[in-house]
Amino acid sequence: MSDFGGMEDLLQDFLQEANDLLSDVDNKLVDLEKMPDDRALLNDIFRGFHTVKGGAGFLNATELVTLCHLTENLFDRLRNGELELTAELMDVIMDATKGVREMFGELGQMVQPQPADSAVIAALKGVLSGGAVGVAHATTAPHPAADVAQEPAPAPGEPDWNALHAAVTGKAASVASAQSDVITKAETAIVESVVTPTAVVSPSAATTPPFGRRTTDKPGGQPTSARRAEERGRENTIRVDTSRLDQVLNLSGEIGLTKNRLTSLRADILAGKNDSETLHALDQAVSQLDLLVSDLQNSVMKTRMQPIGRLFQKYPRIARDLARQLGKDVELVLAGEETEVDKTMIEDLADPLIHLIRNAVDHGVEMPEERQAAGKPPKSLVRLEARQEGDHIVLIIADDGKGMNAERIRAKATEKGLISEEEANTLDERQSLNLIFMPGFSTKTQISDVSGRGVGMDVVKTNIQKLNGSIEIRSEPGKGSVFIISLPLTLAILPVLLVLLGDQPFALPLSLVREILPIEQSRIQEVGGKETLVVRGEVLPVITLARLLGWPLERYPEYGVFMQTAERSFILAVDSFAGRDDAVIKSLEDFRPKGVAGVTTLSNGQIVLILDMKELLSDLGQHPDFGPAVRALDFA
Amino acid sequence: MAADPKMKFLVVDDFSTMRRIVRNLLKELGFTNVDEAEDGAIALQKLQGGGFEFVVTDWNMPNMDGLTLLQSIRATPSLKHLPVLMITAEAKKENIIAAAQSGASGYIVKPFTAGTLSEKLNKIFEKMGQA
């Protein structure tokens, strides 16, 4: 047991829900800037802080309660029209929201939040006490208080509300008669009840600081809680629609029934019963099991799917803050938030997407004056969109900025010594744009503190590739740039094509395979010292799998697999095929040979390596047989 | 305690963590027959389905807030007898008065312990016993 005393689960729930709520508040704040008088928005934001405060109280998160309480009061004034939303006030609110988010971070580390930035608290209090329209309680409170003063003793049968109120606020019943200051008493009572830990925890928690101090402060440390705190770093709970869980349950039930059927058939068969009826029943049962298992796999996979909107909703605020900092006017437009993506992928996408959005706001779009000079509206739009295309998820980050200049990118890359002049000349538009993904590339000589942050576009690309995805750029000077990320639906199951090299099967991701064709050696042409094959007018390089793996080439391969990655198309020459399969990837943990994505087991029990084509091909880049063009492509 | 442990509660709050907290506290007090609703509108629908004997509701919720829910319950002949305990983050006098005038059976301020909840519930059960 940690100092949390059984509250860990509660804390996790709270954080997950409160984080969603805060992201929602963040977005509403962005909207509020456009519509400062929208009462519905003000109400929603008020309720957001109010709800967080209520939950935080149960977690004894005093500082969080205080901060939320002040912010909530501020919104109460705003929605009652007692305060006017000014730009300065908006900044105070944004800072307060940021403070709340930071406290969530601390809670996530199982640490009781530190007091909010005193400047933020002071600013909030300043606004609340110095509001020109007057202090809320000075204007509104006296009336009900005065009413109460004249209120006769409670009618018989009615609850004694004064007593109840007193009980509620922890004051003696007599306080109720001191009507004039009852409100302030009530207010202080809240603060008191907040300061003294009263929540759900066992009484011992009231004497020891709840959650403990920072776990790192502990002499000697507590291995279990420390480890647990580490695990908390990553959100390891998931919210699943119960109907999806029901489906899983239902399917596992059905599988159980089919298993029983098979067990009984096995007994029959072992007893020597092998008439056509038994075999037919066996065939049926196995087919049914086949169907059920693939349904189950799908259903389980679906439990991991989360709408990407949960990730997206954090971004408008980030874009807004950044734009403000840079003096730009940017609106981040979201689309396709309901698109469902594997949970792990959502987490791993967070950083690359933030980087791309920052990049779009920082480097992509122009300053308002510049835009007007170019005849564009001063406000720039950055669009973040998700959609499912077949078995892929496509993410688009598009801006309507100045676009990218291929010539300048080439010059920069040459200047930085990333490619030679010669190589630069062979690159076409698309390849030139892809140069920005090279490690060490940054178009701005001065790394801005905004999208700089020590991470480059190469990291974005690496992260996307780790998810078996790809990223490409389209850009039109003066019109804007578009980054297109393509990702598989799930990382758990990979449809593969099984190819043979001699007797040895290898698995290739089916998503890269376009077609399979026989290779006639007579049709192979040598172009620039490389083997190529013309397929319907397109000249494609032929790469033999044996050479790629460093195996001796015993006979010339008979089949070619037309493969297409985001960067290039080629023919992979293999000896033969063994069909297709849905591979469940088992990673090779610590031991991972280059070019091998993982292993899977075939239906006959044989273990097969799943090849990572991109990694295998990147080896080719260094191969002396390949010219500069191919090398440059590999950087792409 | 006079209360039947099988008594069916409806816990109404838009914040699921809060519903869970209240549910856990009720469980601690021996009440395990608990259903949940996300806001007043859903609560009212569930209540009209029948079978509920006690309502514990948050005040501040989207769609239909706790006070409106309370007023709707009191205005519905089949539901008006239901005890309703209001939960809120504020101990503001005007809130308490509004709740009382609308016929709340009790009023409890966040955060609270199982002990406080038990006290409030017992007060309400006593009153119901008298009625």
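Colleague: How do α12(A) and α13(A) run relative to each other, roughly parallel or roughly antiparallel?

Modeller: Bear in mind that this is a predicted model. The axes of helix α12 of chain A, residues 242-270, and helix α13 of chain A, residues 276-303, cross at roughly 155°, and α12(A) and α13(A) are therefore roughly antiparallel to each other, since angles over 145 degrees are counted that way.

Colleague: And what distance do the axes of α12(A) and α13(A) come within?

Modeller: The axes of α12(A) and α13(A) come within 9 Å, and α12(A) passes α13(A) in a left-handed crossing. The residues of the contact between α12(A) and α13(A) divide into 15 nonpolar, seven polar and six charged.

Colleague: Switching to chain B, at what angle do α2(B) and α3(B) pack?

Modeller: Helix α2 of chain B, residues 40-48, packs with helix α3 of chain B, residues 66-75, at an angle of about 25°, and their axes are 9 Å apart. That angle makes α2(B) roughly parallel to α3(B), and the crossing in which α2(B) passes α3(B) is right-handed.

Colleague: Which residues meet there between α2(B) and α3(B)?

Modeller: From α2(B), Gly40(B), Ala43(B), Leu44(B) and Leu47(B) meet Gly66(B), Thr68(B), Leu69(B), Ser72(B) and Ile73(B) of α3(B). By type, the residues of this contact of α2(B) with α3(B) are five nonpolar, four polar and no charged.

Colleague: Which residues of α2(B) are buried, then?

Modeller: The buried residues in α2(B) are Gly40(B), Ala43(B), Leu44(B) and Leu47(B). They cover an arc of only 100° around the axis, so they sit on the same side of α2(B). As background, an α-helix has 3.6 residues a turn, so residues three or four places apart point the same way.

Colleague: What do the buried residues of α2(B) pack against?

Modeller: The buried residues of α2(B) pack against strands β1 (9-12), β2 (34-37) and β3 (54-58) as well as α3, which belong to chain B. After α2(B) comes Gly50(B), which has a positive phi near 90°.

Colleague: What is the overall pattern of chain B along the sequence?

Modeller: Chain B has five helices and five strands, and along the sequence they follow the pattern β-α-β-α-β-α-β-α-β-α. Buried residues make up 47% of the 131 residues in chain B, and among its contacts with a separation of 6 or more, 60% are between residues 24 or more positions apart.

Colleague: How many helices and strands does chain A have, for the record?

Modeller: Chain A has 24 helices and 18 strands, and 33% of its 636 residues count as buried. Among contacts in chain A between residues at least 6 apart in sequence, 66% join residues at least 24 apart.

Colleague: Let's go back to a helix in chain A. Which residues of α18(A) are buried?

Modeller: Helix α18 of chain A spans residues 406-415, and its buried residues are Ile409(A), Arg410(A) and Ala413(A). Seen down the axis of α18(A), these residues fall within an arc of 100°, so they line one face of the helix. The face of α18(A) turned away from that buried side carries the exposed residues Glu407(A), Arg408(A) and Glu415(A).

Colleague: What covers the buried residues of α18(A)?

Modeller: The cover over the buried residues of α18(A) includes α19 (421-426) and α20 (429-434) of chain A. Just after α18(A), Gly417(A) takes a positive phi of about 75°.

Methods: Residues numbered from 1 in each chain as written. Chains lettered and ligands numbered in written order. Predicted model: local features only at pLDDT ≥ 70, side-chain atom pairs only at ≥ 80, totals over all residues. Helix = DSSP H or I, 4+ residues; strand = E, 2+ residues; numbered from the N terminus. Buried ≥ 20, exposed ≤ 12 C-beta atoms within 10 Å, placed from the backbone. Contact = placed C-beta atoms within 7 Å. Arc of directions from axis to C-beta. Axes fitted to C-alpha atoms, helices over the stretch in contact; angles between N-to-C directions. Parallel < 35°, antiparallel > 145°, perpendicular 65-115°, else oblique. Left-handed = near helix turned anticlockwise from the far one by under 90°. Nonpolar A, V, L, I, M, F, W, Y, C, P; charged D, E, K, R; others polar.
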